[in-house]
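This report goes through one protein chain by topic. Please keep the sequence and the 3D view at hand while reading.

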Amino acid sequence: MFVLIGYVVVIACVFGGFILAGGNIMVIVKAVAVEAMIIGGGAAGAFVAANSMKTIKGSIGGALGLLKGPKFGKADYVELLKLLYELLMKIRKEGLMAIESHVENPESSTIFQKYPKVMADHHLLDFITDCLRLMIGGNMNPHELEAVLEAELETHHKEAHAPAHSVQVVADGLPAFGIVAAVLGIVKVMEYVGNSPPEVIGQKVASALVGTFLGILLGYGFVGPVAAAMAARSEEDGKPFELVKTALIASVRGYPPPVAIEFARKQLFSDVRPSFADLEAELKGAK
């Protein structure tokens, strides 16, 4: 929603300011179709040529996903922390082997089934169960386990940021495509030099300059902000994975479940972080 609001502000201020300054908006309107075809078509073609189908789909999905909120809100993080707490408490009381059946078949687990938000996110669910499998059968010390999880999170981070990076590259290239459109317009203008009145040549030059204007406007006013928002959203969507890593590493290092969960809670941004008292009350209900 904020993306659309931002677009409205950009359009209103840029074109509104141009009109208030005495500019003729029809000059832009008449030239925009052809210039947009050159700039947008060139940028789209370069985007397709530079990226895999996976990245293209991810870019489209990521841009459309900005119209919705992030995957996890405060209540969802509380649910995740409760799941981790319940698993860690079971490990502490009964040992690692006590959760093996839950890890191997989370769909039929009495623990996992309590937390539908986590179950619905198969990437997060796979990450949790894979981490727990390493704890059960890996016989790894905390440093080794942390290194493995860091490597996996780094891979996940790069994969999640690929669509935002590809869109940012398009944003950076749009001003250059605007220059291409303007140069083509000037080439066209040169055909009229010497056999057309100055006012006609002036109109042609004005139309050509619309290309540069559109390239810069699209790059910095529309596509660039979307890339930045996609990057920020991928950071937000990666937080649940960081919580899981922090809680499990703390547990392997010997911290009791409440302390391990508190370490994980500290990873959250302030707008989605439950207070210590609220989370404690929720965890007491999960015992």
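Which helices each supply at least two residues of the lining of the largest pocket? They are α3, α7 (122–137), α8 (142–190) and α9 (198–252).

## Basis of the model

This is a predicted model, in which local features need pLDDT of at least 70 and side-chain atom pairs count only at pLDDT 80 or more, while totals for chains, interfaces and linings use all residues. Residues are numbered from 1 along each chain as its sequence is written, and side-chain values use heavy atoms, with hydrogens and water left out.

The average pLDDT (the predictor's confidence in each residue, from 0 to 100) is 90 for the chain, and 99% of the residues score at least 70. By element, the mean is lowest in helix α11 (residues 276–286), at 83, and highest in helix α10 (residues 257–265), at 94. Helices are DSSP runs of H or I with at least four residues, numbered from the N terminus.

## The largest pocket

About 950 Å³ of space lies in this pocket. Its lining counts 30 residues, and K71, H123, H156, A160 and D237 are the ones nearest the centre. Helix α8 gives the most, eight residues.

A pocket here is an open set of points on a 1 Å grid over the protein atoms alone, where a 1.4 Å probe fits, with protein on both sides within 12 Å along at least five of seven lines; lining residues have an atom within 4 Å of a point.

## A nonpolar surface patch

M1, F2, L4, I5, V9, I60, L64 and L67 form a nonpolar patch with about 850 Å² of accessible area together. Patch residues have over 30% relative accessible area and no salt bridge, and nonpolar side chains are joined within 5 Å.

I60 is found in helix α3. This residue counts as partly exposed because its relative accessible area is 49% (buried is under 20%, exposed over 50%, partly exposed in between, with a 1.4 Å probe and protein chains only).

## Salt bridges

The structure holds 13 salt bridges, each a side-chain nitrogen of Lys or Arg within 4 Å of a carboxyl oxygen of Asp or Glu. E104, D130 and R133 are linked in a network of them.

In helix α9, E242 and K239 are three residues apart, about one turn, and their closest N and O atoms are 3.2 Å apart. K239 is buried at 10% relative accessible area, whereas E242 is partly exposed at 26%.

Notes: Patches are made of residues with over 30% relative accessible area and no salt bridge: like charges are joined within 9 Å, nonpolar side chains (Val, Leu, Ile, Met, Phe, Trp, Tyr) within 5 Å. Accessible areas come from the Shrake-Rupley method with a 1.4 Å probe; for residues, only the protein chains shown count as cover. Grid points are joined across faces, edges and corners, and a volume is the space filled by probe spheres set on the points.
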